[in-house]
Amino acid sequence: MSEPVIAYSNYSAWNILIVEDIIDTGKTMMKLLEKLRQYKPHTLKVAALLLKKTVNSNGYVPDF
């Protein structure tokens with residue numbers, strides 16, 4: 001995954017909400033959240049319409 005190009009330097013005042021349709025295993029979301037937490041936003045939340053529970057799921061549960 002290539003690094004995102006970000007023009008801002010101060011994210012401490014940002015409230016980020018990721019809206020996802022389906023979370024399958026949770027692996028991609030965990031990777032994305034790990035990257036975004038590096039920027040130290042004020043809040044970082046995830047809303048998902050559907051959460052699939054499979055044997056490959058890593059146990060991730062969205063905020064909404």
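This is a predicted model: local features need pLDDT of at least 70, side-chain atom pairs count only at pLDDT 80 or more; totals for chains, interfaces and linings use all residues.
View 1. The ring centres of Y11 and W14 lie 4.8 Å apart with their planes at 70 degrees, so the pair is edge-to-face; rings of Phe, Tyr and Trp (its six-membered ring) pair if their centres lie within 6.5 Å, and planes under 30 degrees apart count as stacked, over 60 as edge-to-face and the rest as tilted. W14 is partly exposed, at a relative accessible area of 36%.

**View 2. The pair of Y11 and Y39.** Y11 also forms an edge-to-face pair with Y39, at 5.4 Å centre to centre and 65 degrees between the planes. This pair links distant parts of the chain, since Y11 belongs to the segment before β1 (15–23) and Y39 to the loop between α1 and β2, 28 residues apart; helices (H or I, at least four residues) and strands (E, at least two) are DSSP runs, numbered from the N terminus. Y39 is partly exposed, at 29% relative accessibility, and Y11, W14 and Y39 form one aromatic cluster.

**View 3. K40 in its loop.** K40 lies in the loop between α1 (27–37) and β2 (43–51), and has a positive phi of about 50 degrees although it is not a glycine. K40 is exposed, with a relative accessible area of 64%.

**Notes to the views.** Residues are numbered from 1 along each chain as its sequence is written. Local features need pLDDT of at least 70 and side-chain atom pairs count only at pLDDT 80 or more, while totals for chains, interfaces and linings use all residues, and side-chain values use heavy atoms, with hydrogens and water left out.

Methods:
Buried means under 20% relative accessible area, exposed over 50%, partly exposed in between (1.4 Å probe, protein chains only).
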